[in-house]
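This report describes how selected side chains are arranged in one protein chain. The sequence and the model are shown first, and the description follows.

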Amino acid sequence: MISFTNYGESRDYNDVPVPAAQNTVLDSFAVTITNPDTCRPAKVFTEREIDVWMVLPAGAGGGTGQGSDEMFYVRNTGSGSMVGVHAQGTKFLTESFTLAPGASAPITLSATAGRGSGGAYYYSIVFLLRAMIISL
């Protein structure tokens, strides 16, 4: 048996400065994956997406990512503000795991940012998690 689960959440913030320290956790998202098969264990493979939306005034910079991996950095070299700056970082998690029949397990993902300068701030984070659950 193969099943597929999709989770998503969008959170808005009140113009929070992008931290200077690289890979600073902005927010964490938690979901619970459940094996729908009550007779057989299942292997779980997950794919995650985190998208942090920033505003970069002239001369500002900032990077975003997942966990300890900064996946996107941009610096505004122009004379006006850049609004809606973002990159949808996607990762297929290679650390798959096995769930016992009918069992559940939590998964926590962290949105990160850093190298903020020049008044850079973020205002929204979008999170998606997809899980493929294959009964063995």
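## Methionine 82

The model is predicted. In it, methionine 82 touches Met54, Val55, Leu56, Val74 and Asn76, when residues up to four places away in sequence are not counted. Methionine 82 belongs to strand β6, which covers residues 82–85.

Is methionine 82 buried, partly exposed or exposed? Its relative accessibility is 29%. Methionine 82 is therefore counted as partly exposed, since that class lies between the 20% limit for buried residues and the 50% limit for exposed ones.

## Threonine 64

Threonine 64 is found in strand β4 (residues 61–66). With a relative accessibility of 4%, threonine 64 counts as buried, because the limit for a buried residue is under 20%.

Residues up to four places away in sequence being set aside, threonine 64 touches Val52, Met54, Glu70, Met71, Phe72, Thr112 and Ala113.

## The largest nonpolar core

In soluble globular proteins, nonpolar side chains tend to be buried together. The largest nonpolar core of this model has 28 residues, and the members that touch the most other members are Ile33, Val52, Tyr122 and Ile125. At least two residues of this core come from each of the strands β2, β3 (42–56), β8 (104–117) and β9.

Which residues are in contact with valine 52, apart from its neighbours within four places in sequence? They are Leu26, Thr64, Val85, His86, Ala111, Thr112, Tyr122, Ser124 and Ile125.

## Aromatic rings

The model contains three aromatic pairs. One of them joins tyrosine 13 and tyrosine 122 in an edge-to-face arrangement, with 5.5 Å from centre to centre and 65° between the planes. This pair links distant parts of the chain: tyrosine 13 lies in strand β1 (residues 2–17) and tyrosine 122 in strand β9 (residues 121–135), 109 residues apart. Tyrosine 13 and tyrosine 122 are both buried.

Phenylalanine 29 and phenylalanine 127 form a stacked pair, with centres 4.9 Å apart and 10° between the planes. Here too, distant parts of the chain are linked, as phenylalanine 29 is in strand β2 (residues 24–34) and phenylalanine 127 is in strand β9, 98 residues apart. Phenylalanine 29 and phenylalanine 127 are both buried.

## A charge over a ring

Arginine 115 is placed over the face of tyrosine 73, at a distance of 3.9 Å from the ring centre.

Methods: Residues are numbered from 1 along each chain as its sequence is written. This is a predicted model: local features need pLDDT of at least 70, side-chain atom pairs count only at pLDDT 80 or more; totals for chains, interfaces and linings use all residues. Side-chain values use heavy atoms; hydrogens and water are left out. Rings of Phe, Tyr and Trp (its six-membered ring) pair if their centres lie within 6.5 Å; planes under 30 degrees apart count as stacked, over 60 as edge-to-face and the rest as tilted. Helices (H or I, at least four residues) and strands (E, at least two) are DSSP runs, numbered from the N terminus. Buried means under 20% relative accessible area, exposed over 50%, partly exposed in between (1.4 Å probe, protein chains only). A charge sits over a ring if NZ of Lys or CZ of Arg is within 6 Å of the ring centre and within 35 degrees of the ring normal. A nonpolar core is a set of buried Ala, Val, Leu, Ile, Met, Phe, Trp, Tyr and Cys residues joined through side-chain atoms within 4.5 Å. Contact means heavy atoms within 4.5 Å.
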